[in-house]
Amino acid sequence: MKRLHTILAALTMATAANAQIGEPYIHDPSTIAECDGKYYTFGTGGGGLISHDGWSWEGGADRPGGGAAPDVMKIGDRYLCIYGATGGGLGGGHNGRILTMWNKTLDPKSPDFKWTTAVEVCASDGMEDQDAIDPSLLLDPTTGRLWASYGTYFGTIRLIELDPKTGFRMKGNKEKDIAIDCEATDLIYRDGWYYLLGTHGTCCDGVNSTYNIVVGRSRSVEGPYLDNVGRDMFHGGGRMVIAAGDRKTGPGHFGRTVIDEGVEVMSCHYEADFDQGGRSVLGIRPLLWKNGWPYAGDLLKGGTYEIESERRGYSLELAVDFVRMQQERQGWFNREQLKQPAKPIANQTLAEVKGTWPEGDIAVRCGDYMFRPWQHWQIVPRPEAGGSLTGPLYEIYIEGTTRALTATANMEVTTKEFAGEDAQLWHIEQLTDGTYRIMPFAIPGQKGFNTRYCLYSAGDSTPTLAEYDFSTDNSKWNLRKQ
């Protein structure tokens, strides 16, 4: 299998691939759901987006009822959708209704595709300080209980309990106020903590929107939700998770997707993408965790990097002879010399060493980082080649050459002339601890595309391909921009 990229393009295209491609236009997206190998998200106004790989998105998802800010979750073998029918000032008031409905599939082309009649689970009358809109779902993995949070700046954020079998409101359930000064909330559970993610700031004003996402946490799903300095979200607290950046402003409507152990992403919309004419677009970012708090990572941008093993700290490099640099000796023993201005030493160049390299494929190893040409890797995003929820595919070269990092049939890695092979494309995914997983898109001789094997430090100096294991540093790499 080969990809139709030219070598010239591979050398010149080093732009950042920092947004989903296709037509990712949506407002208030639901948490991403997977159904029969495709990804779905639904938005305000009805409808939504579909993706075959998590990277390229297009319209086509079908959700009746209109209204605002849906969320969707798979429970058993069905999908539960919750949405706000009115509220938020829509139609001129704050009298809102939250409804739920089910479907066997999210694929509108499936013969099983049919939404059930929507059922009201709560409402606001427009008189009290509460707005029944912007709902989200949490199925508690510790108890099996189903919760929904909802609300806007017009009053409180509320929590109710639903029946996970029917989607109806639990009989006798009394709503509870858990936060203020935010909207479009989402509840998640991780490592004994419940997290309340809220959207703070102003919306619906394009490039002038100040939306950002904040978080508090609690040992109980019913709160109180405190931020990192102990402020209660019921009194305006909240730790920043993501704000404007990369020419996109107004991130809101958080959703979490766990892909693998240590591999998580967060979804949101940006109120305005400057590079997309200020449209509201779907955003997907790595989700990182530090000291028990979530924050948004960044999609890797093209550039020159040192690829450093987390196992030992050694650098990924070509297995070539070390070429010494010439230097006038400097030191304390030459006092007259020390009186002269220091002269910078230029980095060793590719031209100075390339002639010592063997012809054909050159293996890779790990060694002490020394700023040498055989240790500098040009990472080039290839959004047109495809990707996943974690980002686009990448090509990895020795800087200044067409020598590409390549997976081999014997589960090793080498470098060879770039030929557009799938084995020369890589997923580079930021893990929850901030390190990276580097996985070949395909491995010669193996059926389909690779989802198991990653670049792996089998020893301090021996890179290979092996099964990904988040619990070991052998599977992890750091990328140092040069």
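## Pairing of strands S4 and S5

Two strands are said to pair if DSSP finds at least two bridges between them. In this predicted model, strand S4 (residues 48–51) and strand S5 (residues 56–61) meet that condition, being joined in the antiparallel sense over three bridges. Within this pairing, Gly48 lies opposite Ala61 in S5.

## The five-strand sheet

S4 and S5 belong to an open sheet of five strands, arranged in the order S1-S5-S4-S3-S2 with mixed pairing.

## Strand S7 and its partners

Strand S7 (residues 78–84) has six of its seven residues buried, so the rest of the structure largely encloses this strand. S7 runs antiparallel to strand S6 (residues 68–75), with six bridges between the two, and Ala68 stands opposite Gly84 in S7. S6 and S7 form a hairpin with two residues between them, and Gly76 in the turn has a positive phi of about 65 degrees.

S7 is also joined by six bridges to strand S8 (residues 97–103), again in an antiparallel arrangement. Here Tyr79 is placed opposite Asn103 in S8.

## Gln130 in the S9–S10 loop

Gln130 is located in the loop between strand S9 (119–123) and strand S10 (136–139). The relative accessible area of Gln130 is 0%, so this residue is classed as buried, the cut-off being under 20%. Leaving aside neighbours within four places in sequence, Gln130 is in contact with His94, Ser124, Tyr150, Gly151, Phe154, Gly155, Thr156 and Arg158.

Key. Residues numbered from 1 in each chain as written. Predicted model: local features only at pLDDT ≥ 70, side-chain atom pairs only at ≥ 80, totals over all residues. Heavy atoms only, no water. Buried < 20%, exposed > 50% of the residue type's maximum accessible area, 1.4 Å probe, protein only. Helix = DSSP H or I, 4+ residues; strand = E, 2+ residues; numbered from the N terminus. Contact = heavy atoms within 4.5 Å.
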